[in-house]
Amino acid sequence: MPQPTAYALLGPTASGKSRLAFELAARHPLEIVSVDSAQVYRGMDIGTAKPSPAERARVPHHLIDVVDPTESYSAGRFRADAIRAVEGILARRRIPLLVGGTMLYYRALAQGIDALPAAQPALRAEIEARAARLGWPALHAELARIDPASAARLSPNDAQRIQRALEVWKVSGKPLSALQHGTARALPFRLRSYALIPEDRAELHRRIAERFDQMLRGGLVEELTALRARYPLHAGLPSMRCVGYRQAWAYLEGAYDKDQLRDKAVAATRQLAKRQLTWLRSLPDLEPAAALRLE
């Protein structure tokens with residue numbers, strides 16, 4: 001018997017993925033599986049552009065609100081959770097549509113993920129101490145010398161991933177990119193993947209700025225204030241390194257004013273979109289979103 005099919009709709013932030021997904025849901029019996037490393041965190045709603053409760057009632061969503069913002073969530077765990085979610089949707093005779101922009105998660109799902117060295121707390125502390133002295137851009141430059149493929153996909157300030165890539169190198173003697181060949185078990189379904197790539201970069205930048213302005217008006221800073229009161233958060237947590245929350249945290253700490261918060265977050269989001277587009281161009285077997293037809 002032929003394998004059942006799941007679909008993936010990928011694209012940079014603010015490219016219109018969610019809007020297209022809801023348009024498809026109006027015509028097909030589908031359920032959405034989020035491919036978003038920020039939407040997994042409970043309580044982080046405004047700054048991650050989560051679908052509203054009404055939207056989630058209308059179209060079932062999966063892998064949203066999975067962990068508290070004090071916890072971590074890995075690409076390996078995403079792969080297992082996404083396979084489970086897709087299998088459940090197929091069992092209900094509905095159509096699974098994976099939607100998002102976290103390309104590392106998508107690649108883990110589509111290509112598998114190798115077993116990597118376990119975290120080494122002492123080594124991580126050593127790397128963080130060096131970053132405190134030299135700055136993360138200096139460590140990013142070091143990573144570029146030993147693992148240019150990984151460095152090219154990371155922002156010079158992406159502390160969490162730079163730290164992990166350096167840790168893997170020091171533990172294994174091999175670059176992280178060389179270990180990510182994808183040897184995990186094959187998917188139990190066929191995956192057809194589509195990319196929504198905006199042709200007008202200036203229009204994408206306009207949408208990014210407009211969306212962040214809406215987040216500020218919607219209460220992003222107030223949301224983070226409430227989260228800080230509810231959870232024992234600190235700036236080094238993966239959740240608090242998410243674009244928007246990282247800048248709002250610095251604002252609450254007095255590092256800069258509201259205008260600087262806005263400008264820095266918009267600039268960081270534009271850089272995120274640029275990295276997402278770089279990922280998209282490196283992924284094989286992607287079709288244009290205009291060709292997406294659900295069967």
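# Contacts, cores and rings

Me: Which residues does Ser 155 touch, not counting residues up to four places away in sequence?

Reply: Contact means heavy atoms within 4.5 Å. With residues up to four places away in sequence left out, Ser 155 touches His 140, Ile 162 and Arg 275.

Me: Which pLDDT do local features need in this predicted model?

Reply: Residues are numbered from 1 along each chain as its sequence is written, and side-chain values use heavy atoms, with hydrogens and water left out. Totals for chains, interfaces and linings use all residues, side-chain atom pairs count only at pLDDT 80 or more, and local features in this predicted model need pLDDT of at least 70.

Me: Is Ser 155 buried or exposed?

Reply: Helices (H or I, at least four residues) and strands (E, at least two) are DSSP runs, numbered from the N terminus. Ser 155 lies in the loop between helix H7 (148-152) and helix H8 (159-172). Buried means under 20% relative accessible area, exposed over 50%, and partly exposed in between (1.4 Å probe, protein chains only). Since its relative accessibility is 16%, Ser 155 counts as buried.

Me: Where does Ala 14 lie?

Reply: Most residues other than glycine have a negative phi. Ala 14 has a positive phi, near 70°. With a relative accessible area of 11%, Ala 14 is buried. Its place is the loop between strand E1 (5-10) and helix H1 (17-25).

Me: Is Arg 93 buried or exposed?

Reply: Arg 93 has a positive phi, near 60°. It is found in the loop between helix H3 (75-91) and strand E4 (95-100). Because its relative accessibility is 77%, Arg 93 counts as exposed.

Me: How many residues does the largest nonpolar core have?

Reply: A nonpolar core is a set of buried Ala, Val, Leu, Ile, Met, Phe, Trp, Tyr and Cys residues joined through side-chain atoms within 4.5 Å. In the largest one, the residues with the most contacts inside it are Val 33, Tyr 73, Phe 78, Leu 98 and Phe 212. Elements that give two or more residues to this core include strand E2 (30-35), H3 and helix H4 (103-111).

Me: What is the angle between the planes of Tyr 73 and Tyr 105?

Reply: Rings of Phe, Tyr and Trp (its six-membered ring) pair if their centres lie within 6.5 Å; planes under 30 degrees apart count as stacked, over 60 as edge-to-face and the rest as tilted. The structure holds 2 aromatic pairs. Tyr 73 and Tyr 105 form a tilted one, 6.1 Å centre to centre. The angle between their planes is 55°.

Me: How far apart in sequence are the parts that the pair of Phe 78 and Tyr 105 ties together?

Reply: Phe 78 and Tyr 105 form a stacked pair, with 4.8 Å between the centres and 20° between the planes. Phe 78 is in helix H3 and Tyr 105 in helix H4, so the parts tied together are apart in sequence by 27 residues.

Me: Which ring does the charged end of Arg 228 sit over?

Reply: A charge sits over a ring if NZ of Lys or CZ of Arg is within 6 Å of the ring centre and within 35 degrees of the ring normal. The charged end of Arg 228 is 4.4 Å from the centre of the ring, which belongs to Trp 249.
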